[in-house]
Amino acid sequence: MKFGVSIPHYSRPVNLAELLEIVRQTESLGFDSIWVTDHIIMPRSANVIYRENMLDPFSLLSFLAAATERVSIGTSVIIIPYRHPVVVAKMIATVDQLSKGRVIFGAGVGWNEEEYGALGRPYGERGKMTDENLRLIRALWTNETLSFEGEYTRFHDMSISPQPYQRPHPPVWIAGKGRIARRRAARLAEGWHPVGLTPEEVAEGTHDLKDLWKENDREGEPVVSMRGMVSVEGVFDVAYRFPERQPVTLAGSSAQIVDIIGRYGQAGVEHMVLDMTTHSHASFLAVMETFAGDVRPKAG
């Protein structure tokens, strides 16, 4: 199993030195990936961790491409209807070039109706918009010249550059816990990337995804990844508001977490993204070191 770290670019005050320390430790400790997430504008009434000090994920991806050499850099996840798909395709292709092919493009539909309204996007059409935009983004990544006739975007005989470094394009992983997300992954992506599921829920979803994969005549196997909140016994220091929507999925002693990871592996998870956003900076680093030294070597 591969392991990544979701970096804390929201909730806490912006601190470049601390962010750089986390990024460099992620690579030096042998983690496989670094992840950013996405919100643009949030209602003051929203009791969510993403409300304050939210750095832009695309700008941050470029920063990560320059600050690292080896790890994959991923989005967990970009909310597809929020931005024009041509712009998204260009930004991701640019970062993929700058990082020499290290981008994983996690994509989702989003859930905040007020955020949709503030951005002038139709909340009730978010599923249709996501599907069309993903089809267009993938087409732009594989065609230097393209015509497209969709419900939301139309153009004729246009060129776009750059093309991604990865060929045919960066892998696309679809977020979402339910069957709609897995259907989208089976049609328009290379993997499924839910957040906060139990091993039993992942196992059920993975079985369903593989059936949908075959129904869509897809070759190979889909990637199953998951992002989960982490709490290691003895090193957990809650410093920021905990989002009630996201349960802690990896909790306990190092030995207990090794066992939990084993169950996720049996359920089909190939890439686990660790989320310690609510930790203080010192606790964040301590969890990373504990995981790299005591958990990963035993987790396989």
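**Salt bridges and a buried helix**

Tutor: Arg44, Arg51 and Glu52 are linked in a network of salt bridges. Keep in mind that this is a predicted model.

Student: What makes Arg51 and Glu52 a salt bridge?
Tutor: The cut-off is 4 Å between a side-chain nitrogen of Lys or Arg and a carboxyl oxygen of Asp or Glu. In Arg51 and Glu52, the closest N and O atoms are 2.5 Å apart. That value is within 4 Å, so the pair counts as a salt bridge.

Student: How many salt bridges does this rule give?
Tutor: The count comes to 15.

Student: Why is Arg51 called partly exposed?
Tutor: Buried means under 20% relative accessible area, and exposed means over 50%. Arg51 has 25% relative accessibility, so Arg51 falls in between. Glu52 has 22%, so Glu52 is partly exposed too.

Student: How do you know that Arg187 forms a salt bridge with Asp131?
Tutor: Their closest N and O atoms are 3.4 Å apart. The limit is 4 Å, so the pair qualifies. This pair links distant parts of the chain: Arg187 is in helix H6, Asp131 is in helix H5, and 56 residues separate them.

Student: What makes Glu190 and Arg138 a salt bridge?
Tutor: Their closest N and O atoms are 2.8 Å apart. Again the value is within 4 Å, so the label holds. Glu190 sits in the loop between H6 and strand E9, while Arg138 is in helix H5, 52 residues apart. Arg138 has 18% relative accessibility, so Arg138 counts as buried.

Student: What makes H5 largely enclosed?
Tutor: Count its residues. In H5, 12 of the 17 are buried, so the rest of the structure largely encloses this helix. Among the buried ones are Met129, Leu134, Ile137 and Trp141.

Student: What covers the buried residues of H5?
Tutor: The cover includes helices H3 and H6, along with strands E5, E6, E7 and E8.

Conventions:
Residues numbered from 1 in each chain as written. Predicted model: local features only at pLDDT ≥ 70, side-chain atom pairs only at ≥ 80, totals over all residues. Heavy atoms only, no water. Buried < 20%, exposed > 50% of the residue type's maximum accessible area, 1.4 Å probe, protein only. Helix = DSSP H or I, 4+ residues; strand = E, 2+ residues; numbered from the N terminus. Contact = heavy atoms within 4.5 Å.
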